[in-house]
Amino acid sequence: MVQALGTLVVLVPMATWLSYNLAELGGSTMPKDAAMATATLLGLGSMGVLMGLSRGAYPHDRLGLCNVVTVTRGAGICILAGLIFVPHALIGLGWLLVVLAGLTLALDGLDGWLARRSGLRSDFGARFDVESDVAFALVLALLAWQADKVGLWFVALGLLRPAFLAASMVWPALRAPLPDAYWRKAMAAMQMSVQVALLAPLVQPPVSSLIAGALLLAMVLSFAVDIRWLLGQKGQRQ
């Protein structure tokens with residue numbers, strides 16, 4: 001808990017400062033809006049992290065570099081989220097926005113590798129990683145929309161996982177655990193990689209809309225496959 005608190009004490013002001021300066025660098029006249037949004041989201045996220053650790057979901061006596069990386073990734077997502085509130089700065093940032101999103105994505109693979117190497121795998125870390133993926137997908141979708149790469153419809157991509165969780169509250173069959181599958185991990189990696197690529201200055205409408213549409217369709221189909229499998233398992237149990 002103390003290690004987590006110390007990490008957050010460093011990351012929150014640093015991320016807020018970066019958000020302000022990135023917005024200003026992009027030409028925004030309201031960089032405080034980006035900084036305030038980043039600070040607010042980081043504050044809420046920090047409370048969630050500390051509450052998760054206090055509930056015993058993390059059995060180890062040290063936070064470990066793997067979780068520090070995950071928390072850092074969360075800070076990167078919050079910085080990107082702050083830029084949603086200064087859309088005019090997105091064009092000005094250009095490739096710098098792509099680099100920031102790419103670095104945040106790179107941390108996604110690093111934290112899992114570090115957790116396996118250090119033996120610090122936990123339910124807390126796994127859940128934190130999944131929720132970070134959901135937030136990252138939603139933020140990238142909103143950034144693509146604000147950058148005029150796609151229409152508002154693309155935000156549906158970031159809402160697929162929340163919609164699935166909401167549906168599981170109505171249909172208990174969807175709450176069953178899914179088996180580990182390489183194709184599912186590959187789809188998630190492909191989704192986030194394509195979303196980062198959509199932010200590149202070279203990718204413009206109508207090409208960006210076509211890519212986004214194909215990505216959304218592919219992810220809807222992947223969710224449909226999982227839902228069909230879960231419903232099939234329910235039928236077998238009956």
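1. Contact here means heavy atoms within 4.5 Å. On that basis A23 touches S28, P31, A34, L83, V86 and A89, leaving aside residues up to four places away in sequence. A23 is found in helix 1 (residues 2-25), where helices (H or I, at least four residues) and strands (E, at least two) are DSSP runs numbered from the N terminus. With a relative accessible area of 0%, A23 is buried, since buried means under 20% relative accessible area, exposed over 50% and partly exposed in between (1.4 Å probe, protein chains only). A23 and H88 are 65 residues apart in sequence, yet their C-alpha atoms are 8.9 Å apart in space.

2. On the basis of the note: this is a predicted model, in which local features need pLDDT of at least 70 and side-chain atom pairs count only at pLDDT 80 or more, whereas totals for chains, interfaces and linings use all residues. Residues are numbered from 1 along each chain as its sequence is written, and side-chain values use heavy atoms, with hydrogens and water left out.

3. The protein chain has nine helices and zero strands, and 43% of its 238 residues are buried. Among contacts between residues at least 6 apart in sequence, 81% join residues at least 24 apart.

4. The largest nonpolar core has 49 residues, of which L80, L83, L97, F136, L143, F154 and L199 touch the most other members; such a core is a set of buried Ala, Val, Leu, Ile, Met, Phe, Trp, Tyr and Cys residues joined through side-chain atoms within 4.5 Å. Helix 3 (residues 64-83) gives the most to this core, with seven residues. A second, separate core of five residues includes L8, L11, V71 and F128.

5. Helix 3 is mostly covered, with 17 of its 20 residues buried. From its first C-alpha to its last, helix 3 reaches 30 Å, close to the 28 Å expected at 1.5 Å a residue, the expected span being 1.5 Å times one less than the number of residues.

6. T38, in helix 2 (residues 31-54), counts as buried because its relative accessibility is 0%. The side chain of T38 makes a polar contact with the side chain of S19 at 2.8 Å; a polar contact is a pair of N or O atoms within 3.5 Å, and within protein one must be able to donate a hydrogen and the other to accept it, while residues adjacent in sequence count only if both atoms are side-chain atoms. Apart from residues up to four places away in sequence, T38 touches A15, T16, S19, C78, I79 and G82.

7. Helix 7 (residues 156-170) deserves a separate comment. Its 15 residues should span 21 Å at 1.5 Å a residue, and the end C-alpha atoms are 20 Å apart, which agrees. The buried residues of helix 7 are L157, G158, L160, F164, A167 and S168.

8. Two backbone details in loops may be checked by eye. The peptide bond from P205 to P206 is cis, with omega near 5 degrees, and P206 lies in the loop between helix 8 (182-198) and helix 9 (207-237). D148, a residue other than glycine, has a positive phi near 65 degrees; D148 is placed in the loop between helix 6 (123-146) and helix 7, and counts as exposed at 58% relative accessibility.
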